[in-house]
Amino acid sequence: MYIPKSNGKKRPLGIPTMRDRAMQALWKLALEPVAETRADPNSYGFRPQRSTADAIAHCFNALAKRSSAQWVLEGDIRGCFDNISHDWLLANVPMDKVVLRKWLRAGYIDLGALFATEAGTPQGGIISPILANWTLDGLEQVVHTSVASTERKRRPFKIHVVRYADDFIITGTSKAILQHQVRPAIEAFLKEQGLELSGEKTHITHISQGFDFLGQNVRKYAGKLLITPARKSVKALLDKVREITSGNKAATQANLILVLNPVIRGWAMYHRHVVAAKRFAWIDHQIWRVLWRWAVRRHAMKSAHWVKQRYFRVVGQRHWIFATKEKVRGMSQSAWLFAAASVSIVRHIKICSAANPFDPAWTFYLERRRAHRQVARSQAGCWKA
């Protein structure tokens, strides 16, 4: 597909133009209500009014009771966005086939060379999330049908499907059911769309061993379910803090605070719905150690007491706060490091699985839910930078 430039020359459509993105946005407005009507009830990724917090809350609801399922299938689709069958999308997505075909086969440019795309959806495209969800919708029904034909018959097996985009978990009462009935049904379903499960990343795990899902670790300890920030997520945050600190050895304290605060605040706000209070405090201590080394390095000939007086202050009831009275963005005001422990833990209430923002019957419910979430955010209790 080529679009003429103003000088009359043609260029390959490897990088989406503004016109392409605008067209995709228009098609998204038309497709989204249809996609919501046919979507899996417990799919939470790239859908309006839904988030990762809803998916984690569903995990808690499905696994927290003593009588809940004990086995979990952790599903991972190999290169989902890169391998979706174009033929399947063209046959099943209700939109202009000519336009969709051009979007899917436009290709991409790398180092000045145009590469064709024979499968998958355009990475970063506005329409891509809807196309990916459209492809995977129906997975939940396939899983339920693989166990029993009716809801009453499948109830003893305690099957729950929780999906966020291409990441999903499935609960069950036994490993055999997940291994010999559920997994083959999923593989057959994905094969029609040109997809397959990743053998290395797809596991069946007992809840006592725990599993990571969407940055959280879900595990039962002596029969009690605890959802905590995953170790990989904690490590990624601390690695990011160390990277920023080492890259700003000559920066002012105020500028370093301004760079670090959004990183720490964003991570803490994401994990504020799980059991994370102790982890927040531990992270604050680890960050303090990084910043202490940063401060000591700048003044190798000064005493520890001098460094403390220069870089650390008392803010309210909090001591040893990395803070400064330097001018910040031209204003003479104090700036201090955001503390993850200042974020209150607030239980997230899962959205009703059947809620549809395009159905007028759900308008009052969703408006009340939005108001409740705004109040919850205001009560999170954050120290401002």
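1. A polar contact is a pair of N or O atoms within 3.5 Å; inside a protein, one atom must be able to donate a hydrogen and the other to accept it. By this rule, 3 residue pairs are in polar contact across the interface of domain 1 and domain 2, with both residues of each pair at pLDDT 80 or more. The structure is a predicted model, and the points below should be read with that in mind.

2. Overall layout. The protein chain has 385 residues, and 46% of them count as buried. Its secondary structure comes to 14 helices and 16 strands. The C-alpha trace spans about 70 × 70 × 45 Å along its principal axes. Consider the contacts between residues at least 6 apart in sequence: 67% of these join residues at least 24 apart.

3. Two domains. Where the domains meet, 10 residues of domain 1 are in contact with 11 residues of domain 2. The area buried between domain 1 and domain 2 is about 820 Å², and carbon and sulfur atoms give 58% of that area.

4. The domain 1 side of the interface. The count of salt bridges between domain 1 and domain 2 is 0, while the polar contacts there number 3 residue pairs. Helix 2 (52-63) and strand 11 (224-229) each supply at least two residues of the side of domain 1 that touches domain 2. The largest share of that side, 4 residues, comes from strand 11. By residue type, the side of domain 1 that touches domain 2 has 6 nonpolar residues, 4 polar residues and no charged ones.

5. Salt bridges in the whole structure. Side chains of opposite charge can pair when their charged atoms come close. The structure holds 12 salt bridges. One of them joins the side chains of Arg38 and Asp137, with an N to O distance of 3.9 Å. This pair links distant parts of the chain, 99 residues apart: Arg38 is in helix 1 (residues 18-38), and Asp137 is in the loop between helix 6 (128-136) and helix 7 (139-147). Are the two partners buried or exposed? Arg38 has a relative accessible area of 36%, so this residue counts as partly exposed. Asp137 has a relative accessible area of 7%, so this residue counts as buried.

6. A second bridge at Asp137. Asp137 also forms a salt bridge with Arg163, and the closest N and O atoms are 2.8 Å apart. Arg163 lies in strand 6 (residues 160-164) and Asp137 in the loop between helix 6 and helix 7, so the pair ties together parts that are 26 residues apart in sequence. Both Asp137 and Arg163 are buried. Through shared partners, salt bridges join Arg38, Asp40, Asp137 and Arg163 into one network.

7. Glu200 forms a salt bridge with Arg78, the closest N and O atoms being 3.5 Å apart. The partners are 122 residues apart: Glu200 is in the loop between helix 9 (175-192) and strand 8 (203-206), and Arg78 is in the loop between strand 3 (71-76) and helix 3 (80-83). Glu200 is exposed, because its relative accessible area is 56% and the cut-off for exposed is over 50%. Arg78, at 35% relative accessibility, counts as partly exposed.

8. Two backbone angles to check. Most residues other than glycine have a negative phi. Lys158 has a positive phi, near 55 degrees, and is not a glycine. The residue sits in the loop between helix 8 (151-154) and strand 6. Lys158 is partly exposed, with a relative accessible area of 31%. Trp320 also has a positive phi, about 55 degrees, although this residue is not a glycine. Where in the secondary structure is Trp320 found? Trp320 is in strand 13 (residues 318-324). At 37% relative accessibility, Trp320 counts as partly exposed.

Definitions and conventions: Residues are numbered from 1 along each chain as its sequence is written. Side-chain values use heavy atoms; hydrogens and water are left out. Contact means heavy atoms within 4.5 Å. Buried area is the accessible area (1.4 Å probe) that two parts lose on being put together, summed over both. A salt bridge is a side-chain nitrogen of Lys or Arg within 4 Å of a carboxyl oxygen of Asp or Glu. A polar contact is a pair of N or O atoms within 3.5 Å; within protein, one must be able to donate a hydrogen and the other to accept it, and residues adjacent in sequence count only if both atoms are side-chain atoms. Ala, Val, Leu, Ile, Met, Phe, Trp, Tyr, Cys and Pro count as nonpolar, Asp, Glu, Lys and Arg as charged, and the others, Gly among them, as polar. Buried means under 20% relative accessible area, exposed over 50%, partly exposed in between (1.4 Å probe, protein chains only).
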